[in-house]
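Please view the sequence and the model first, and then follow the topics below.

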Amino acid sequence: MAILKIARMGCWSLSQPAEPVEDPNDPEIQRLISDMTDTLLDVGGAGLAAPQVHVPLRVVLFHVPAQRSGGTGSIPLTILINPKITPLGPDLETDWEGCLSLPGMMGKVPRFSAIRYQAQSGTGAPIDTEARGFHARVVQHECDHLDAILYPMRMPTLESFGYVEELRQAAANRPTETKTTEKAS
Ligand code: NI
């Protein structure tokens with residue numbers, strides 16, 4: 001078991017495109033997956049991309065707990081190697097996001113409402129899935145890390161970007177605002 005150090009915004013590994021994985025069954029890739037799993041479960045986020053642990057390879061993992069799924073059902077821990085995303089239509093949804101690489105911060109980010117994603121699993125098996133809602137959001141967020149994109153770079157305006165504590169306090173002082181929930185990934 002190994003808990004890896006998480007890179008923060010500005011780190012070299014978050015600022016360059018990640019390389020494809022040639023062989024998912026390579027023991028080094030298997031160890032990376034195992035260590036990333038330990039790390040994600042330890043920090044309690046929804047997802048983690050290899051560049052966030054200083055490894056510039058196209059590997060992400062995520063899970064969707066039932067309470068975050070918005071009624072669409074939970075998704076168990078899923079490993080995506082060399083993922084490719086195709087939007088299913090032009091519709092966007094805007095919701096709060098956080099990121100383990102920007103600790104303590106969050107912002108409202110538009111994402112495609114529905115996507116198809118194709119990848120290799122942690123054993124190299126093909127994955128071809130459609131996703132909506134938070135499931136689609138977390139996959140888009142994690143895969144963006146593989147292209148050196150952090151969620152503030154997807155925000156059309158930085159007005160909602162800030163520290164979680166401050167934004168929650170501000171929302172609590174404005175009863176008409178919807179409650180803010182952080183979705184770290
Ligand atoms: Ni992130």
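Asp128 and Arg116 form a salt bridge, with their closest N and O atoms 2.6 Å apart; a salt bridge is a side-chain nitrogen of Lys or Arg within 4 Å of a carboxyl oxygen of Asp or Glu. The pair links distant parts of the chain, since Asp128 is in strand β7 and Arg116 in strand β6, twelve residues apart. The model is a predicted one, in which local features need pLDDT of at least 70 and side-chain atom pairs count only at pLDDT 80 or more, while totals for chains, interfaces and linings use all residues. Residues are numbered from 1 along each chain as its sequence is written, and side-chain values use heavy atoms, with hydrogens and water left out.

**Salt bridges**

- Asp128 is partly exposed, with a relative accessible area of 48%, and Arg116 is also partly exposed, at 31%; buried means under 20% relative accessible area, exposed over 50%, and partly exposed in between (1.4 Å probe, protein chains only).
- The structure holds six salt bridges.
- One of them joins Asp147 to Arg58, the closest N and O atoms being 3.0 Å apart.
- Asp147 lies in the loop between α2 and β8 (162–163) and Arg58 in the loop between β1 and β2, so this pair ties together parts that are 89 residues apart in sequence.
- Asp147 is partly exposed, with a relative accessible area of 39%, whereas Arg58 is buried at 14%.
- Arg111 forms a salt bridge with Glu97, and their closest N and O atoms are 2.8 Å apart.
- This pair likewise links distant parts of the chain, with Arg111 in strand β5 and Glu97 in strand β4, 14 residues apart.
- Both partners are buried: Arg111 has a relative accessible area of 4%, and Glu97 has one of 2%.
- A network of salt bridges links Glu97, Arg111, Arg137, Asp144 and Arg154.

**The sheet**

- Five strands make up an open sheet in the order β1-β2-β3-β6-β7, with antiparallel pairing; two strands pair if DSSP finds at least two bridges between them.
- β1 (47–49) and β7 stand at the edges with a single partner strand each, so one side of each is left without a neighbour in the sheet.
- On average, neighbouring strands of this sheet are turned by 40 degrees against each other, direction ignored.
- Helices (H or I, at least four residues) and strands (E, at least two) are DSSP runs, numbered from the N terminus.
- β1 and strand β2 (residues 59–64) run antiparallel and are joined by three bridges, and Ala49 stands opposite Val60 in β2.
- Strand β3 (residues 75–87) pairs with strand β6 (residues 114–120) in the antiparallel sense over five bridges, where Ile85 has Tyr117 in β6 as its bridge partner.
- β6 and strand β7 (residues 126–132) run antiparallel and are joined by seven bridges; Ile115 has Ala131 in β7 as its bridge partner.
- These two strands, β6 and β7, form a hairpin with five residues between them, and Gly124 in the turn has a positive phi of about 90 degrees.

**Helices across the sheet**

- α1 lies across β1, β2 and β3 and runs at about 35 degrees to β2.
- Helix α2 (residues 133–145) lies across β1, β2, β3, β6 and β7, at about 160 degrees to β2.
- Axes are lines fitted to C-alpha atoms, for helices over the stretch in contact, and angles run from 0 to 180 degrees between N-to-C directions.

- Arg137 is in helix α2 and is buried, with a relative accessible area of 5%.
- The side chain of Arg137 reaches the backbone oxygen of Glu93 at 2.7 Å.
- Leaving aside neighbours within four places in sequence, the residues in contact with Arg137 (heavy atoms within 4.5 Å) include Glu93, Trp96 and Val109.
- Asp38 lies in helix α1 (residues 27–43).
- Asp38 is buried yet has no salt bridge, and the nearest side chain of opposite charge, Arg31, is 10 Å away; Lys and Arg count as positive and Asp and Glu as negative, with His and the chain ends not counted.
- The side chain of Asp38 reaches the backbone nitrogen of Ala2 at 3.1 Å.

Key
A polar contact is a pair of N or O atoms within 3.5 Å; within protein, one must be able to donate a hydrogen and the other to accept it, and residues adjacent in sequence count only if both atoms are side-chain atoms.
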